[in-house]
Amino acid sequence: MDVGEALKRRRSTRHFEPEGVLLPRELIEDLIQEACQAPSEFDLQPWRFIVVRDRERKEVLYQCCFKQPMIRDASAVVIVLGDTRGHERAPQAVEEWVAQGVIAAPEAPRVEASIRAAYDGSDWARMLLAVRNPCFAAMSLMLLATGNGIATSPVVAFAEEALRRA
């Protein structure tokens, strides 16, 4: 299935079979790895993933997500987190660019400094980094899942502090 077809077929599924298909861990990991190819500011990839598959942990998330049944019933819940310190990955990103020939080695310190300058001292810039970019990865993950015949739904209603504690 190509991307256009996945976009047409993808729907936010609200009901899953409570005892439905258990997705293999390897498949979930492969999909996440592919989703990490999503674009990100300065290639910083400021996201992290938490995969919850066991019933007890999903019950905790169910409580944090205002008791939405899909949290209990989904084979896996993937939490996509934004990293407000993603700009600290600038040295690795610049090193990769040098290795790929995107920039010349003598330019690396200047480029790294400009990336850091974009975020240092600006809580707003770091918050945007941690919100915008994980959305790219999350959408990529949902499209990849659709392409593999897996139903998904974004969950935007949750108690943030309770979820953080959980």
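User: Which helix gives the most to the lining of the largest pocket?
Analyst: The model is predicted, with local features needing pLDDT of at least 70 and side-chain atom pairs pLDDT 80 or more, while totals for chains, interfaces and linings use all residues. Residues are numbered from 1 along each chain as its sequence is written, and side-chain values use heavy atoms, without hydrogens and water. A pocket here is an open set of points on a 1 Å grid over the protein atoms alone, where a 1.4 Å probe fits, with protein on both sides within 12 Å along at least five of seven lines; lining residues have an atom within 4 Å of a point. With nine residues, the top contributor to this lining is helix (a DSSP run of H or I, at least four residues) H7.

User: How many residues of the lining of the largest pocket are nonpolar?
Analyst: The pocket is lined by 49 residues, and Val-77, Val-78, Ile-79, Val-80 and Val-155 lie nearest its centre. Seven of the lining residues are polar and six charged, and the nonpolar ones (Ala, Val, Leu, Ile, Met, Phe, Trp, Tyr, Cys and Pro) number 36.

User: What is the angle between helices H5 and H6?
Analyst: H5 spans residues 90-100 and H6 residues 108-119, and their axes (lines fitted to C-alpha atoms over the stretch in contact) are 9 Å apart. The helices pack at an angle, on a scale from 0 to 180 degrees between N-to-C directions, of about 140°.

Note on methods. Helices (H or I, at least four residues) and strands (E, at least two) are DSSP runs, numbered from the N terminus.
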